[in-house]
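Open the model in your viewer and keep the selection tool at hand. This tour goes from one selection to the next and says what is there.

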Amino acid sequence: MEWMTLVSAGVGAVIATASAAFLERGRWRRESRERETTVRRVLYGEYLACLSEARNGFRSLARDTALSVQDRAVAARECFAPCYGLRYQMTITAPPAVVEASEDAFRRLRDVRDLAGEGALSDSNVYAQGRGRYEDALTRLRAAMRIDLGADAG
């Protein structure tokens, strides 16, 4: 009869150990997902802020009638330069749907950069159309980011 007690104790120990390992694995996965989400949330915020700063720089250029075309082009490129590093971070961190929307917004803002750099003024139709295409792409990017972060989960 003693061997039954030993077997029962052994089985109980195996069950307890397996249960603890299973629970620990679940906790590790949950914490890992939370860390990844936090990293993406920070990156998304930085990327959107960078795009916004560049967009504001282009707005200023499009309102400035005193700059030469050459100075305007240099200033436009300088406003946009910080976006490249964050763009590359997005391509290796974000899921495909966000990367696709990110690339579209980046390219549309780059088009606005080119317009501002070439001398288009804020009240011109061509500048307004370029700005509108960027705003549409930015809206899609923010929606993709919100979906990825679970911000729209009901």
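How many residues does the largest nonpolar core have, and which of them have the most contacts inside it? Keep the question in mind while you look at the whole chain, which is a predicted model.

**The whole chain**

Colour by secondary structure. There are 5 helices and 0 strands, and reading along the sequence gives the pattern α-α-α-α-α. Of the 154 residues in the chain, 30% are buried. Among contacts between residues at least 6 apart in sequence, 74% join residues at least 24 apart.

**The core**

Now the answer: the largest nonpolar core has 34 residues, and F58 and L141 have the most contacts inside it. At least two residues of this core come from each of helix 1 (2-63), helix 2 (69-80), helix 3 (82-93), helix 4 (96-118) and helix 5 (125-149). In soluble globular proteins, nonpolar side chains tend to be buried together.

Select F58 and show what surrounds it. Apart from neighbours within four places in sequence, F58 is in contact with A76, C79, F80, L109, V112, R113, A116 and Y127.

**Helix 5**

Next select residues 125-149, which form helix 5. Helix 5 has 25 residues and reaches 36 Å from its first C-alpha to its last, close to the 36 Å expected at 1.5 Å a residue. Show the side chains of its buried residues: Y127, G130, Y134, A137, L138, L141, A144, M145 and L149. Two of these have come up already: L141 as a residue with the most contacts inside the core, and Y127 as a contact of F58.

**Helices 3 and 4**

Select helix 3 and helix 4 together. Their axes come within 9 Å and cross at roughly 160 degrees. Angles over 145 degrees count as roughly antiparallel, so helix 3 is roughly antiparallel to helix 4. The crossing of the two is left-handed. From helix 3, the residues that meet helix 4 are C83, Y84, R87, M90 and T91. On the helix 4 side they are V98, V99, S102, E103, F106, R107, R110 and R113.

**S102**

Last, select S102, in helix 4. Is S102 buried or exposed? Its relative accessible area is 1%, so S102 is buried; the cut-off for buried is under 20%. Leaving aside neighbours within four places in sequence, S102 is in contact with Y47, M90 and L141.

Technical notes: Residues numbered from 1 in each chain as written. Predicted model: local features only at pLDDT ≥ 70, side-chain atom pairs only at ≥ 80, totals over all residues. Heavy atoms only, no water. Core = buried A, V, L, I, M, F, W, Y, C linked by side-chain atoms within 4.5 Å. Buried < 20%, exposed > 50% of the residue type's maximum accessible area, 1.4 Å probe, protein only. Helix = DSSP H or I, 4+ residues; strand = E, 2+ residues; numbered from the N terminus. Contact = heavy atoms within 4.5 Å. Expected span 1.5 Å × (residues − 1). Axes fitted to C-alpha atoms, helices over the stretch in contact; angles between N-to-C directions. Parallel < 35°, antiparallel > 145°, perpendicular 65-115°, else oblique. Left-handed = near helix turned anticlockwise from the far one by under 90°.
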